[in-house]
Amino acid sequence: MMNNGSETIIERFRSITENTHEYAKSLQGKGKMLAGYMCTHVPEEILYAAGIIPVRVLSSHVSQAMTRSYIHETYCSFSHDCAYQGLQHNYDYLDLIVTSSSCIHMAEAFNVWVRFAGFQHKSYLMSFPHIIHSKPASGFMKESFEEFRQFIEKFSKKTITDDDIERAIKVYNHTRRLLQQLWEFLRRDNSPITGPEVATVTLASQLMDKEEYNQMLEQLIQRLENNPGKAPSGVRLMVTGGACDDLRIFDLVENLNYRASLIFIDSCTAARYFWFEVPEDRSDKLEAIAEGYISRIPCPSKDTVPGTGEKKRFRFIQQFIQDFKPDGIVFLCQRFCSPQSMDIVALKPILDKLGIPWTELELDTTVPVTLFGTQLEAFVETITGVAP
């Protein structure tokens, strides 16, 4: 059982993830400008350097049939839900909406906001290279980031100096290092914090002012280091897949009829968000940001090594398996997300060779708790060979 105030801090993080708009508006009440973003390829450091707080646009996990009149039926539920948020005007308080040229689905969600939700004159679409593992990618990104910098300077009526960007880089790198410290607890067999709690704290990082977030996370880590830990983890499950901000799925993993623990999440709403750093104290700040973003765990929509067909993300996954030692892998894929589903096809034989069992869950707007629970329990049973 956690003590020393760690539960209180985790509940504060959870409250922010459940009351995103209230927290964001509280920042505006302190005089902060807010920029919503739809893809983690957006260089938040440039926004932060201008005094603008980046806020990730998240889904609401409710049925949104109305979006079928605006974007294609076979686009993923996450993109439909983000489009729905704009059409419902849930984020009208934002000063700006930003995204990068990532996947077609999210580009259309952004387009809905611009054309139909009142963001036509307060939006920015950033060019981002389709193939990031190529020689021209860094230069392309630097030019795109410079255009973004100029736009933000004009939008915020503030000159963004190199010192401003360097400070933002260091604040964000501090967040990334703290998060890696937090996730290190999950490598233990008796971690003092659960996987769903780590997922909650990580999701909060995409919603909060990073300086406030860092102070809270430092306090949490200090308290966790003094905790003895909980019961042994039981069956250790690692999740890999697409964007998933519905924390109920992760809670489900740890509330089966078996003793199971969530010990790693490879997704752009979890580890892929922070598992990299931007080089510090470089003379060319935008080149440094480009280098950092190229080094991150790639999104499946960008992950092709020219001339080889290799998936760079697979190297990370195999390293995570080695470090965190899962007993099984859960593929968590957005329905209709072709890059994710094709990655799963390519990953299965790699896991088979490593002797790691896997199962596949397909995400839609809401979570079918009974169906997913039954499937996960059957999966754990195949791993343990024991019925509940």
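The model is predicted, so local features need pLDDT of at least 70 and side-chain atom pairs count only at pLDDT 80 or more, while totals for chains, interfaces and linings use all residues. Residues are numbered from 1 along each chain as its sequence is written, and side-chain values use heavy atoms, leaving out hydrogens and water.

Let us begin with helix α2, residues 20–29. Helices (H or I, at least four residues) and strands (E, at least two) are DSSP runs, numbered from the N terminus. The buried residues of α2 are Thr-20, Tyr-23, Ala-24 and Leu-27; buried means under 20% relative accessible area, exposed over 50%, and partly exposed in between, with a 1.4 Å probe and protein chains only. Seen down the helix axis, these buried residues fall within an arc of 100°, so they line one face of α2. That arc is taken from the directions between the helix axis and the C-beta atoms. An α-helix has 3.6 residues a turn, so residues three or four places apart point the same way.

What do the buried residues of α2 pack against? Their partners are α1 (6–18), β1 (33–37), β2 (52–56) and α9 (210–225), with contact meaning heavy atoms within 4.5 Å. On the face turned away from the buried side you will find the exposed residues Glu-22 and Gly-29. After the helix comes Gly-31, with a positive phi near 90°.

Next, have a look at strand β3 (residues 96–100), where Thr-99 sits. Thr-99 is buried, its relative accessible area being 0%. Leaving aside residues up to four places away in sequence, Thr-99 touches Met-38, Cys-39, Val-42, Phe-110, Tyr-124, Leu-125 and Met-126.

Met-66, in the loop between β2 and α4 (77–87), counts as partly exposed at 33% relative accessibility. Together with Tyr-70 and Phe-116, Met-66 forms a nonpolar patch on the surface, with about 260 Å² of accessible area in total. Areas come from the Shrake-Rupley method with a 1.4 Å probe, and for residues only the protein chains shown count as cover. Patch residues have over 30% relative accessible area and no salt bridge; like charges are joined within 9 Å and nonpolar side chains (Val, Leu, Ile, Met, Phe, Trp, Tyr) within 5 Å. A salt bridge is a side-chain nitrogen of Lys or Arg within 4 Å of a carboxyl oxygen of Asp or Glu.

Finally, the backbone. Most residues other than glycine have a negative phi. Asp-281, in the loop between α11 (271–274) and α12 (285–295), has a positive phi near 60° and is exposed at 55% relative accessibility.
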